[in-house]
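Have the structure open beside you as you read.

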Amino acid sequence: MRLTRPMLAPAALAAVLALTGCGADGGGGAAVPETATGSLEHLAAEARCAPDLQTDADTVRQALCGTGEEKYVLATFATDRGQREWINTAKDYGGYYLVGRKWVAVGHEDVVADLRGRLGGTLEQGVRHGGGGHSAGHGG
């Protein structure tokens, strides 16, 4: 099955929503290495992840890494523009992003901060939505 951009956007947003939540206060005073580059498999090896490939399309490859609270999405992109469009759309849903050249890792703040020590990159934060009185699963 070939995935198209309209099919990828909901999948990416669902992954972001599933992986974001209340992040821990990330400290992380360690030196940041030069930003990693390469294929999804190469980046996963650098991150010490056994990637569970979720999307394998011409424009984006996306895998889940880690377990439990340490879970994150690692995605690689065919173009810089495709990467930026994906990030800009996903950031509307909040979350924390570690961004490199044609790749991004998305997860809890502490997980992304830890990955930065292995992959380098730039930290970005999604839109912060107010509230805090919400309970998941309660309709309004």
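## Starting with helix α4

Which residues of α4 are buried? V111, V112, L115 and L119 are, where buried means under 20% relative accessible area, exposed means over 50%, and partly exposed is in between (1.4 Å probe, protein chains only). These residues cover an arc of only 90 degrees around the axis, which puts them on the same side of α4; the arc is that of the directions from the helix axis to the C-beta atoms. Their cover includes α2 (40-46), β3, β4, β5 and β6.

A word on ground rules: this is a predicted model, so local features need pLDDT of at least 70 and side-chain atom pairs count only at pLDDT 80 or more, while totals for chains, interfaces and linings use all residues. Residues are numbered from 1 along each chain as its sequence is written, and side-chain values use heavy atoms, with hydrogens and water left out.

After α4 comes G120, with a positive phi near 70 degrees.

## The overall picture

The protein has four helices and six strands, running α-α-β-β-β-α-β-β-α-β from the N terminus. Helices (H or I, at least four residues) and strands (E, at least two) are DSSP runs, numbered from the N terminus.

Of the 140 residues, 37% are buried. The protein exposes about 8,100 Å², and carbon and sulfur atoms supply 50% of that; the areas come from the Shrake-Rupley method with a 1.4 Å probe, and for residues only the protein chains shown count as cover. As for contacts (heavy atoms within 4.5 Å), take those between residues at least 6 apart in sequence: 57% of them join residues at least 24 apart.

Two strands count as paired if DSSP finds at least two bridges between them. Strands β4 (residues 96-100) and β5 (residues 103-107) pair in the antiparallel sense over five bridges, and the bridge partner of Y97 in β5 is V106. The buried residues in α3 are G82, Q83, W86, I87 and A90. They cover an arc of only 130 degrees around the axis, which puts them on the same side of α3.

T76 is in strand β3 (residues 72-77) and is buried, at 10% relative accessibility. Skipping residues up to four places away in sequence, T76 touches G38, S39, L40, L43, T59, V60, R61, K102 and W103.

Q125 belongs to strand β6 (residues 122-125) and is partly exposed, with a relative accessible area of 34%. Beyond its neighbours within four places in sequence, Q125 is in contact with K91, G95, Y96 and Y97. The side chains of Q125 and Y96 are joined by a polar contact of 3.4 Å. That term means a pair of N or O atoms within 3.5 Å; within protein, one must be able to donate a hydrogen and the other to accept it, and residues adjacent in sequence count only if both atoms are side-chain atoms.

## Positive phi outside glycine

R48 sits in the loop between α2 and β1. R48 is not a glycine, yet its phi is positive, about 60 degrees. At 67% relative accessibility, R48 is exposed.

K102 lies in the loop between β4 and β5. This non-glycine residue, K102, has a positive phi near 65 degrees. K102 counts as partly exposed, at 28% relative accessibility.
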